[in-house]
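This briefing covers one protein model, grouped by topic. Please view the sequence and the structure below before reading on.

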Amino acid sequence: MKFSAADMQFMRTAMELAERGQFTVAPNPLVGCVIVSADGRIIGQGWHTAFGQAHAEVEAHQSVSPADQPLLAESTWYVTLEPCNHVGQTPACAALIERISPKRVVIGVRDSNPAVAGGGIRRLRAAGIQVDVGCLEAELAWQNRRFLWNAETKRPWVVLKWAESRDGYMDGRPLQERQPGAGGFPITAETARPLTHTWRALEQGIVVGANTALVDTPQLNVRSIEAPSPRIVLLDPDGLINMKHALIQRNDNLIYVVGPTKGPATKHSCQWEVKEGLDALLERLYAEFNLSSLLVEGGATVLNDFLKQDAWNEIKCWRSPAATGGGLPAPSIPDHSLPLPHGLASSGQVGVDAWTNRLHSRHASD
Ligand SMILES: [Zn+2]
């Protein structure tokens, strides 16, 4: 299917609308919808604003003014993701579109979620509506990479994140100074914080190992931008953490990952042993807590485990201009990793610090 320049422009508008839900829709997908009249005017637009709220198609339909209602019969709907065909928290969007019966529906990417998977498209076609699929498909698959990965693997999308000095250290202190309660070792400048907090807000959970929790006592929340804080996933399979630890006391949304015998059971706990491997942990975090994505913030051992077990999708890394001359070595970005697709920036600079964003080679766009 060849799409016209106008098709792609309207779909791009729908994609930009979808992006507005980036901090609030997970584990749902990002969806945008634009309704265009026969003479090429946008008469309705909407996006999925937050988990549990109305879907994009419903929002777009509701935005059509009474004066424009008669134009719906000849309209074209641009939807970034295949309309849902199952009644979930809201009625099925395919049923809404079927009832309106517009002339044409243009869909960006198919929904690989088994509950939808082609059903929305079939339903609309069966109703005699022209349905064209695949407009800006690759870009929209990227926009919903977490959601599509969840459907495919039943695991969260995993982003590894760390900050390193110019000479490759995560912490410039010698081992004897990296003891419980020592506090964090700042690598990046204050100016890096808003982007770091944006990286947090984009994922549903922040993973941190017990040792880092003990030494750094990090806050791991979102403070310098307007966005909700993700859940904190504290890995403590060996039961090193005292329940009075600030990270546990301060966060009622914490997921505490404990070994089957060593850790205390809490209502937010997940049982896991290191020897089961990270895939088992990821499957559990997805199945039990519905986490669509994770930002793994450390420490070095945890990050290296994710790299060694190939249990990651993206890497986000800060590099400061200063050298520490020693300390805790940072992980290495694998040579086979890729830059981001679709012309997105894979590196940049904020203040004095440089950032890099790489993608796992399994996501090569052919
Ligand atoms: Zn829907």
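Helices (H or I, at least four residues) and strands (E, at least two) are DSSP runs, numbered from the N terminus, and two strands pair if DSSP finds at least two bridges between them. The model is predicted: local features need pLDDT of at least 70, side-chain atom pairs count only at pLDDT 80 or more, and totals for chains, interfaces and linings use all residues. Residues are numbered from 1 along each chain as its sequence is written, and side-chain values use heavy atoms, with hydrogens and water left out.

**Hairpin**

- β1 and β2 form a hairpin with 5 residues between them.
- The turn holds G40, which has a positive phi of about 85 degrees.
- Pairing between β1 (residues 32-36) and β2 (residues 42-47) is antiparallel and runs over 5 bridges.
- In this pairing G32 stands opposite W47 of β2.

**Zinc site**

- Three protein donors lie 2.0 to 2.3 Å from the zinc ion: H55 (ND1), C84 (SG) and C93 (SG).
- Donors are N, O and S atoms within 2.8 Å of the metal (3.2 Å for Na, K and Ca); water is not among the atoms, so sites may look incomplete.
- Along the chain the zinc donors follow the spacing H-x28-C-x8-C.
- H55, in the loop between β2 and α2 (56-62), and C84, in the loop between β3 (76-81) and α3 (93-100), are 29 residues apart, and the pair links distant parts of the chain.
- C84 counts as buried, at 9% relative accessibility; buried means under 20% relative accessible area, exposed over 50%, and partly exposed in between (1.4 Å probe, protein chains only).

**Salt bridges**

- A salt bridge is a side-chain nitrogen of Lys or Arg within 4 Å of a carboxyl oxygen of Asp or Glu, and by this rule the count comes to 19.
- E314 and R145 form one of them, with the closest N and O atoms 3.1 Å apart.
- Because E314 lies in β13 (residues 314-319) and R145 in α6 (residues 145-153), this pair ties together parts that are 169 residues apart in sequence.
- E314 and R145 are buried.
- E297 forms a salt bridge with R200, the closest N and O atoms being 2.6 Å apart.
- E297 belongs to β12 (residues 293-298) and R200 to α7 (residues 193-202), so the pair ties together parts that are 97 residues apart in sequence.
- E297 and R200 are both buried.
- E273 and K275 also meet through their side chains in a salt bridge, at 3.8 Å from N to O.
- Of these two, E273 is partly exposed, with a relative accessible area of 29%, and K275 is exposed, at 72%.

**Nonpolar cores**

- A nonpolar core is a set of buried Ala, Val, Leu, Ile, Met, Phe, Trp, Tyr and Cys residues joined through side-chain atoms within 4.5 Å.
- The largest has 38 residues, of which M11, I35, W77 and V105 touch the most other members.
- Helix α1 (residues 5-19) gives the most to this core, with 5 residues.
- Another core lies apart from it and has 30 residues, among them W162, V257, C270 and L285.

**Largest pocket**

- On a 1 Å grid over the protein atoms alone, a pocket is an open set of points where a 1.4 Å probe fits, with protein on both sides within 12 Å along at least five of seven lines; lining residues have an atom within 4 Å of a point.
- The volume of the largest pocket is about 1300 Å³, taken as the space filled by probe spheres set on the points, which are joined across faces, edges and corners.
- Its lining comprises 50 residues, and M170, T212, D216, E297 and G298 lie nearest the centre.
- Elements that each supply at least two lining residues include β6 (157-164), β7 (169-171), α7, β8 (205-209), α8 (210-216), β9 (231-236), β12 and α11 (300-308).

**Backbone features**

- The peptide bond from A26 to P27 is cis, with omega near 5 degrees, and P27 sits in the loop between α1 and β1.
- Between G298 and G299 the peptide bond is also cis, with omega near 0 degrees; G299 is in the loop between β12 and α11.
- L220 is not a glycine but has a positive phi of about 55 degrees.
- This residue, L220, lies in the loop between α8 and β9 and is buried, with a relative accessible area of 4%.
- N290, another residue other than glycine, has a positive phi near 55 degrees.
- N290 is in the loop between α10 (278-289) and β12, and counts as partly exposed at 38% relative accessibility.
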